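Let us walk through this model by its side-chain contacts, then its helix packing, then its surface.

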Amino acid sequence: MSESTMEVIRHPLIEHKLSYLRDRRTPSPEFRELLDQITLLMTFHVTRAFEGDEVSVETPLETTRVRRIREDRLVAVPILRAGLGMLDGVRKLIPGVKVGHLGFYRNEETLEPVRYYGKLPPRSGLSTHLLLDPMLGTGGTAAAAVAELKAHGAADIRVMCVVACPEGAAHMTTRHPDVPVYTAALDRELNAVGYIVPGLGDAGDRIFGTS
């Protein structure tokens, strides 16, 4: 695993909220709210290097020069369905963000992810794409999603997840060493049935109350 590819965002508030997100007793409505809050905190960090354009505004006292980022050059792309749980956290901070969607299923014979849905904003090499998925397990789906974005013309792609494991991190480093991955936690491993351990269970089921 390349340390330059994955960054674990360490912050007491994120660790605090993640402790409740992991708790099996946390009900679905609270789980969604916690995921939303963690995503908001992560978005603050992931966008820290953005450069705004200088514009003039009228304060109540005078005209001054300020900086504003181009919200229309940011694209949030949740991977269906669990990635939808992270979308509002991004939109609360950046209301003008464009939104795309990518959906994948796993081929039972090859075990490779297959895209079943894709709707992305028009091509723009100037846009920054935030790929959203709470869990980075094997890394197969994330890698396939990044490949889809690159094929669509995306040059600046950043993956945001809440919990990752070494196997997924290594896969992303091998497939897309140019794409940074941001996570709130790097857990121990994948178990025999593909769950991140200690993890937080199936994020999609817990978000939508289908477990």
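The count of salt bridges comes to 11. A salt bridge here is a side-chain nitrogen of Lys or Arg within 4 Å of a carboxyl oxygen of Asp or Glu. This is a predicted model: local features need pLDDT of at least 70, side-chain atom pairs count only at pLDDT 80 or more, and totals for chains, interfaces and linings use all residues. Residues are numbered from 1 along each chain as its sequence is written, and side-chain values use heavy atoms, with hydrogens and water left out.

Start with Glu7 and Arg48. Their side chains form a salt bridge, 3.6 Å from N to O. Glu7 sits in strand E1 (residues 6-8) and Arg48 in the loop between H2 and strand E2 (53-58), so the pair ties together parts 41 residues apart in sequence. Helices (H or I, at least four residues) and strands (E, at least two) are DSSP runs, numbered from the N terminus. Glu7 is partly exposed, at 27% relative accessible area. Arg48 is exposed, at 52%. The cut-offs are these: buried is under 20% relative accessible area, exposed is over 50%, and partly exposed is in between (1.4 Å probe, protein chains only).

Next comes Arg22 with Asp187. This salt bridge spans 2.8 Å, N to O. Arg22 belongs to helix H1 (residues 12-22), while Asp187 is in the loop between strand E11 (181-186) and strand E12 (189-190), so the pair links parts 165 residues apart in sequence. Arg22 is partly exposed, with a relative accessible area of 27%. Asp187 counts as buried, at 7%.

A further salt bridge joins Lys92 and Asp36, with the closest N and O atoms 2.5 Å apart. Lys92 lies in helix H3 and Asp36 in helix H2, so the pair ties together parts 56 residues apart in sequence. Asp36 is buried, with a relative accessible area of 6%.

How do those helices pack? Two packed helices are described by the angle between their axes and the distance between the axes. The axes of H2 (residues 28-46) and H3 (residues 84-93) come within 7 Å and cross at roughly 50 degrees. Axes are lines fitted to C-alpha atoms, for helices over the stretch in contact, and angles run from 0 to 180 degrees between N-to-C directions. H2 is therefore oblique to H3; under 35 degrees counts as roughly parallel, over 145 as roughly antiparallel, 65 to 115 as roughly perpendicular, and the rest as oblique.
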